[in-house]
Amino acid sequence: MTRFSLFALGLALLVGCGTTPTTPPTDTAKPTEHAHAHGESGPAGGVLASWGNDEYHAELVVDQPTGEATVYLLDGTAKKVTPIDAKTVTLSLKGTPPVVVTLEAKPQDGDPPGQSSRFVGRHDALKTVKEFSGSISGKAGGKHYTGDFAPKAASKK
């Protein structure tokens, strides 16, 4: 397997929806679970972070050799791209030191004027396979959203 394939596989394991339910369970003997109508990865094979109460999903895809991150904004089912009126979204990676990457709007074919469903940026920290966690944040429809992702070890060979 190539280093990029290993990194993509590791990143695919990296992110869950990052949200927990806000309503306590009625039966405390059963664990609380976040109900999902989607898989663990998005249409482009990236990892998902939920924005709001699954109002949107942010799908993160990283090209390890170039250090380029692409975030696709998806609908609540995490299946269809959904353009928003933001010019940027922010990828924040926890670590020492923390890394913040501003991803610029790069509209796809079919995105309406002034909106984008794709955001792209680069950082050298994305070129290495390692364990990290962080968040993807942005503004859509006048509301600020943040979706967290927790660390999972990436496979190395």
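**View 1. Three salt bridges are found in this protein.** A salt bridge here is a side-chain nitrogen of Lys or Arg within 4 Å of a carboxyl oxygen of Asp or Glu. The model is predicted, so local features need pLDDT of at least 70 and side-chain atom pairs count only at pLDDT 80 or more, while totals for chains, interfaces and linings use all residues. Residues are numbered from 1 along each chain as its sequence is written, and side-chain values use heavy atoms, with hydrogens and water left out.

**View 2. Glu-55 meets Lys-143 in a salt bridge.** Look for the closest N and O atoms of Glu-55 and Lys-143, which are 3.2 Å apart. Glu-55 sits in the loop between S1 and S2 and Lys-143 belongs to strand S8, so this pair ties together parts 88 residues apart in sequence. Strands are DSSP E runs of at least two residues and helices are H or I runs of at least four, numbered from the N terminus. With a relative accessibility of 36%, Glu-55 is partly exposed, and Lys-143 is also partly exposed, at 41%. For these labels, buried means under 20% relative accessible area, exposed over 50% and partly exposed in between (1.4 Å probe, protein chains only).

**View 3. The other two salt bridges are Glu-68 with Arg-122 and Lys-127 with Asp-124.** The side chains of Glu-68 and Arg-122 come together at 3.1 Å, N to O. This pair links distant parts of the chain, with Glu-68 in strand S3 and Arg-122 in strand S6 (residues 118-122), 54 residues apart. Glu-68 is partly exposed at 21% relative accessibility, whereas Arg-122 counts as exposed at 53%. Between Lys-127 and Asp-124 the N to O distance is 3.2 Å. Here Lys-127 is partly exposed, with 33% relative accessibility, and Asp-124 is exposed, with a relative accessible area of 56%.

**View 4. Trp-51, Tyr-56 and Tyr-145 are linked by ring pairs into a cluster.** Rings of Phe, Tyr and Trp (its six-membered ring) pair if their centres lie within 6.5 Å; planes under 30 degrees apart are stacked, over 60 edge-to-face and the rest tilted. The whole structure holds three aromatic pairs. In the pair of Trp-51 and Tyr-145, the ring centres are 5.6 Å apart and the planes are at 5°, so the rings are stacked. That pair joins distant parts of the chain: Trp-51 is in strand S1 and Tyr-145 in strand S8, 94 residues apart. Tyr-56 and Tyr-145 are edge-to-face, at 5.3 Å centre to centre and 75° between the planes. This pair also links distant parts of the chain, with Tyr-56 in strand S2 and Tyr-145 in strand S8, 89 residues apart. Both tyrosines, Tyr-56 and Tyr-145, are buried.

**View 5. Trp-51 is buried, with a relative accessible area of 0%.** Apart from its neighbours within four places in sequence, the contacts of Trp-51 (heavy atoms within 4.5 Å) include Ala-58, Leu-73, Ile-84, Val-89, Ile-136 and Gly-147. Trp-51 also belongs to the largest nonpolar core, which has 25 residues, and together with Leu-91 and Ile-136 it touches the most other members. Strands S1 (47-51), S2 (56-63), S3 (68-74), S4 (88-93), S5 (99-105), S7 (134-140) and S8 (143-149) each give at least two residues to this core. S2 gives the most, with four residues. A nonpolar core is a set of buried Ala, Val, Leu, Ile, Met, Phe, Trp, Tyr and Cys residues joined through side-chain atoms within 4.5 Å.

**View 6. S1 and S2 form a hairpin with four residues between them.** Gly-52, in the turn, has a positive phi of about 65°. The two strands pair in the antiparallel sense over five bridges, where pairing takes at least two DSSP bridges.

**View 7. Thr-70 lies in strand S3.** Thr-70 counts as buried, at 10% relative accessibility. Leaving aside neighbours within four places in sequence, Thr-70 is in contact with Glu-59, Leu-60, Val-61, Arg-118, Phe-119 and Val-120.
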